Amino acid sequence: LLDLGIADHIRKSCPEISARMLIAITYVSNLERRARDLGYSRDEIKAYIDSDVEKDRLRARAAALFAARGFEGRDGASMCAFGREEIGKDSRIGTLLRAD
């Protein structure tokens, strides 16, 4: 979910980068299937996704990742640069994005 959230933030912050929606939908579907295979119910999965505590935890992890990579700001220019790096590396985040 962290990678998906970061990719979503990048596409919303950078007009030059868009989402690969089919890949993102497949990614989410696979995550949900994996959680179901581990025994979690749909209600438990939804509660986790909607949890403000978990959202805050993921935001903190994303901020730490940006800082560790030298992207202190979350402005459009920084997010465009970060997104292009991820696309270039073909990382999991990068596979969820496309440079227009």
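**Ring pairs and a disulfide**

Biologist: Why is the disulfide of Cys-14 and Cys-80 called right-handed?

Modeller: The torsion about the S-S bond of Cys-14 and Cys-80 is about 105°, so this disulfide is right-handed. Note that the model is predicted.

Biologist: What makes Cys-14 and Cys-80 a disulfide?

Modeller: Their sulfur atoms are 1.9 Å apart. The cut-off is a pair of cysteine sulfur atoms within 2.5 Å, so the pair counts as a disulfide. The structure holds one disulfide.

Biologist: Which parts of the chain does the pair link?

Modeller: The pair links distant parts: Cys-14 sits in the loop between α1 (2–13) and β1 (17–19), Cys-80 in helix α5, and they are 66 residues apart. Both Cys-14 and Cys-80 are buried, a term for residues under 20% relative accessible area.

Biologist: How many aromatic pairs does the structure hold?

Modeller: There are two aromatic pairs in the structure.

Biologist: Why is the pair of Phe-66 and Phe-82 called edge-to-face?

Modeller: The ring centres of Phe-66 and Phe-82 are 4.9 Å apart and the planes stand at 85°, so the pair is edge-to-face. The cut-offs are centres within 6.5 Å and planes over 60 degrees apart.

Biologist: What does the pair of Phe-66 and Phe-82 tie together?

Modeller: Phe-66 belongs to helix α4 (residues 52–68) and Phe-82 to helix α5 (residues 76–89), so the pair ties together parts 16 residues apart in sequence. Phe-66 and Phe-82 are buried.

Biologist: What makes Phe-71 and Phe-82 an edge-to-face pair?

Modeller: The distance is 5.2 Å centre to centre, with 90° between the planes, and the aromatic pair of Phe-71 and Phe-82 is edge-to-face. Phe-71 is in the loop between α4 and α5 while Phe-82 is in helix α5, so this pair ties together parts 11 residues apart in sequence. Both Phe-71 and Phe-82 are buried.

Biologist: Which residues do the ring pairs link into a cluster?

Modeller: The cluster consists of Phe-66, Phe-71 and Phe-82.

Biologist: What is the pattern of the chain along the sequence?

Modeller: The chain has six helices and two strands, and they follow one another as α-β-α-α-α-α-α-β.

Biologist: How many of the contacts with a separation of 6 or more join residues 24 or more positions apart?

Modeller: Such residues account for 62% of those contacts in the chain.

Biologist: How many of the residues are buried?

Modeller: Of the 100 residues in the chain, 29% are buried.

Conventions: Residues are numbered from 1 along each chain as its sequence is written. This is a predicted model: local features need pLDDT of at least 70, side-chain atom pairs count only at pLDDT 80 or more; totals for chains, interfaces and linings use all residues. Side-chain values use heavy atoms; hydrogens and water are left out. Rings of Phe, Tyr and Trp (its six-membered ring) pair if their centres lie within 6.5 Å; planes under 30 degrees apart count as stacked, over 60 as edge-to-face and the rest as tilted. Helices (H or I, at least four residues) and strands (E, at least two) are DSSP runs, numbered from the N terminus. Buried means under 20% relative accessible area, exposed over 50%, partly exposed in between (1.4 Å probe, protein chains only). Contact means heavy atoms within 4.5 Å.
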